[in-house]
Amino acid sequence: MPNPYFSFKQFRVFHDKCAMKVGTDGVLLGSWVDCNFAENILDVGTGSGLIALMLAQRSNATIEALDIDENACIQARYNVEKSSFHNRIRIIQSDFQTFESEKKYDLIVSNPPYFTNSLQTPDKQRTLARHNQTLPFDILIKKAASLLTSGGKIALILPAETNDLIDKITAKNGLFLCRKTFVSPKPETSPKRILSEYVNVNASAEINHLFIEKERHVYSEEFNALTDEFYL
């Protein structure tokens, strides 16, 4: 039976009650995103609370973390309460589409549901977490853009095939690409994920490529450097 938790250097994340387990996508986004400038951060679709905890470790920000799923919120609250960052993270059960806040955020991050046309699983909780019918990309980005401070940023990790679509939706909502990293499993493989950061003021874009492994079970120097603060 697999462990119900994943241990990092400064915190432990239980994920047995969450539909989506701790995985490389969340660790990549939490390690990669520019968060040092942020005083207030919003994590949309927090799941186990992984990304919120990572950003609390990497910044001095106050973080609000949303999830629509009750069990995910229960587990995220537990993970936060057991961490040394509990006084800076608040878990909120809410549908982002109906979420209201008087506060504006310097940074909004999301590892969103992204399967659009794939077969839905019998597990309703897992389907909710994996399929973007509950939070379409255009609604996610439009709502997030409305909640940003001036100079605020949105950071996402998504499948590489959504690249052109996301760039069009963000441009439509007055957002400018400032950073993008194409992520490939190995040097010889095509990108499977994109890490993208958009800002609501005019900006030039920094674009690069990251390989996770040099060969099977041998991680690249770039991946190790990116995630070194977290992985044991």
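Predicted model: local features only at pLDDT ≥ 70, side-chain atom pairs only at ≥ 80, totals over all residues.

Residues are numbered from 1 along each chain as its sequence is written, and side-chain values use heavy atoms, with hydrogens and water left out.

Strand S7 (residues 148–159) has 9 of its 12 residues buried, where buried means under 20% relative accessible area with a 1.4 Å probe, protein chains only. Helices (H or I, at least four residues) and strands (E, at least two) are DSSP runs numbered from the N terminus, and two strands pair if DSSP finds at least two bridges between them.

| Partner of S7 | Sense | Bridges |
|---|---|---|
| S6 (residues 105–110) | parallel | 5 bridges |
| S9 (residues 193–199) | antiparallel | 7 bridges |

Tyr105 has Leu148 of S7 as its bridge partner, and Pro159 stands opposite Arg193 in S9.

Helix H5 (residues 137–146) packs with helix H6 (residues 163–172) at an angle of about 40°, their axes being 9 Å apart. The contact (heavy atoms within 4.5 Å) involves Phe137, Asp138 and Ile141 of H5 together with Leu165, Ile166, Ile169 and Thr170 of H6.

The whole structure holds 0 disulfides, a disulfide being a pair of cysteine sulfur atoms within 2.5 Å. For Cys35 the nearest cysteine sulfur, that of Cys178, is 13 Å away, and Cys35 is buried at a relative accessible area of 0%.

Terms used. Buried < 20%, exposed > 50% of the residue type's maximum accessible area, 1.4 Å probe, protein only. Axes fitted to C-alpha atoms, helices over the stretch in contact; angles between N-to-C directions.
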